[in-house]
Amino acid sequence: MADQTAADETAADQSADDQSADEAAATGGLSTAPVEEPETTTAATGSFGGPREPGARGHLAWLGRELLGWARWFWRQLTSMRVALILLFLLALAAIPGSMIPQNNASAVTVEGFKERNPGLSSFYDRLQLFDVYSSVWFSAIYLLLFVSLVGCIIPRSWQFVGQLRGRPPRAPRHLDRMPAYTTWRTEAEPADVLDAAHRQLRRRRFRADLREGGGERGGRAHVAAEKGYLREVGNLVFHLSLVVLLIAFAAGRLYYAEGGKLVVEGYDFTNNLTQYDDFSSGPFYDTDDLGNFSFTLDEFHAEFVRSGPDLGTPSRFDADVSYRTSDGTEHSTTVQVNEPLAIGAERVRLLGHGFAPVVRITDGQGDVAFSGPVPFIPQDQALTSVGVVKVPDYTNPDGEPEQLGFQGFFSPTYNIDEVRGPHSTFPDPDDPVLTLTGYHGDLGMDAGLPQNVYQLDTTNMEQMVDEDTGDLFRFDLRPGESIELPNGMGTLEFEGFERWATFQISTRAGNSWALGGSLAAIAGLAASLLLQRRRVWVRAYPHRDGHTVVEMASLGRTESNRIPEELASLAAALAPAAPMLPADPTLLADTEAGPGSDTSEESAAEGARS
């Protein structure tokens, strides 16, 4: 009894081994994903070098083996799917500070303002390079490691996939009835005719089918092996390759780009050269000589706002009519709208913001015009309450001596004043425009040769004007067309009207088209890898001892899916006209004489089709 039990256990183990071998042979090559290598033991724990031979040569040989082993281990870890996903997640996390903290490359003025408001936190951010996230050492390290990881993963997978495409579909397993989807029946058709019909049906359904003869090194019967769904692996590879393209496009965009801003008043021009920009930044590989040769004029700016309801004050129209001239001298007219940039060669001209520029005319103490023209004021709220300064460097006082004037204040498109806010606007349209200014005289500091902010007034060496009648500080409100006499015979200031201005961003960036193409390819590759199913089908036909032909069909997919049995049933139905099914005969029994390695066992004719 004990011998019988041991024999049964041995047979069960042998059957399990056969089943594992069948599954391994059937599933081999269904995926090109890298397989985690099992840990191997070495002679010494934590060592790849093995035992050391005596002498200096032995020590050098051991050191070389050790370094090579660690290098291989590091490369396997870096190119594993687990590490690639970790690096991709870290890259996403590393990009968060760049969207939450002001960046120098986007707006140096905003960064300076942040530092003034948060001096302690700013020093900490500076040490971590959080004001320059995308060019920081730690972000670049994650970026480069991810790039190497993806390349190290894609190359072997692509080579393996090419080998699969050039090879033949794998042979049928010895025991097809162990596959997830399986069916069998008896027919009077000849085995060769059944296999030919199966081969044609599979080819017609775009399977890569291979008709294999019986015999060979492994023995076995003639059968048809077919495979379909290679686009799933193509999708996987395209997705990973697209990530590499995106990384390259991102690097090119950071290394070769130019970006500048310019405020243009209606009726004024902009020429695309470095001296014309209000602010300008570029990548390390960009040469300013590559700036495009063009210019444009802001003909008219249009802005309309909602005047009722919950969206009161919200812009309903926001566009600029411009005339631009290209390098060949031709002139074109167009309208630039938000999110619809004007493309001139490699440059893109984007509309960013708008405001008002009061037109001021100032005469000096001698009656001569010391200043005349529009002065842009910067909006501070949604109602376009704007602040600005008027600087008059060429001024002569009543005594005939050179002096300088400065005025600072507000422009309110729709004027209102209260004790809390002072002068301010209540609506962004110029329903009741008022210019409110305070005057200074003295030295503007412009002759020192140091750069100044055109929107700020340095009053260190200046004295505020005082009303000669009341002795109060000189402050005044003017509507368009009004003027006022400056105190002590210093001249007059006239508010002639206002113009609108618009801010434009002129940029050129390498890799944009590559980034777009990589993004679209990544979406297509991901969709293919998720929606398509790679599967294999085998059809075997062989003569039974009763003179009929036994037909076996089996299918296997990389992952479980209800579509696999359904597809196999459809294939069996399509094959039925060439191999009509005979009624099952329950008196027939399976032939159990053949061992698991011979693949010559006859199947039971009484077994019905199943899946």
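**View 1. D210 in strand β2.** D210 sits in strand β2, which spans residues 208–212; strands are DSSP runs of E of at least two residues, helices are runs of H or I of at least four residues, and both are numbered from the N terminus. The model is predicted, so local features need pLDDT of at least 70 and side-chain atom pairs count only at pLDDT 80 or more, while totals for chains, interfaces and linings use all residues. Residues are numbered from 1 along each chain as its sequence is written, and side-chain values use heavy atoms, with hydrogens and water left out. D210 counts as buried because its relative accessibility is 13% (buried is under 20% relative accessible area, exposed over 50%, partly exposed in between, with a 1.4 Å probe and protein chains only). The side chains of D210 and R168 are joined by a polar contact of 2.7 Å (a pair of N or O atoms within 3.5 Å; within protein, one must be able to donate a hydrogen and the other to accept it, and residues adjacent in sequence count only if both atoms are side-chain atoms). Leaving aside residues up to four places away in sequence, D210 touches R168, P169, H199, H223, V224 and A225 (contact means heavy atoms within 4.5 Å).

**View 2. The second largest cavity.** The second largest cavity holds about 40 Å³ of space. A cavity is a set of points on a 1 Å grid over the protein atoms alone where a 1.4 Å probe fits but cannot get out, and lining residues have an atom within 4 Å of a point. Grid points are joined across faces, edges and corners, and the volume is the space filled by probe spheres set on the points. The lining consists of A198, Q201, L202, V539, M553, L571 and L575. Helix α8 (191–204) and helix α11 (563–575) each supply at least two of the lining residues, and α8 gives the most, with 3.

**View 3. N339 in a loop.** N339 lies in the loop between β9 (331–337) and β10 (342–344). Its phi is positive, about 65°, although N339 is not a glycine. N339 is exposed because its relative accessible area is 75%.

**View 4. N488 in a loop.** N488 is placed in the loop between β21 (483–486) and β22 (491–509). Phi of N488 is positive and near 60°, in a residue other than glycine. At 52% relative accessibility, N488 counts as exposed.

Note on methods: 1 Å grid on protein atoms, 1.4 Å probe; cavity = no way out; pocket = protein on both sides within 12 Å on 5 of 7 lines; lining within 4 Å.
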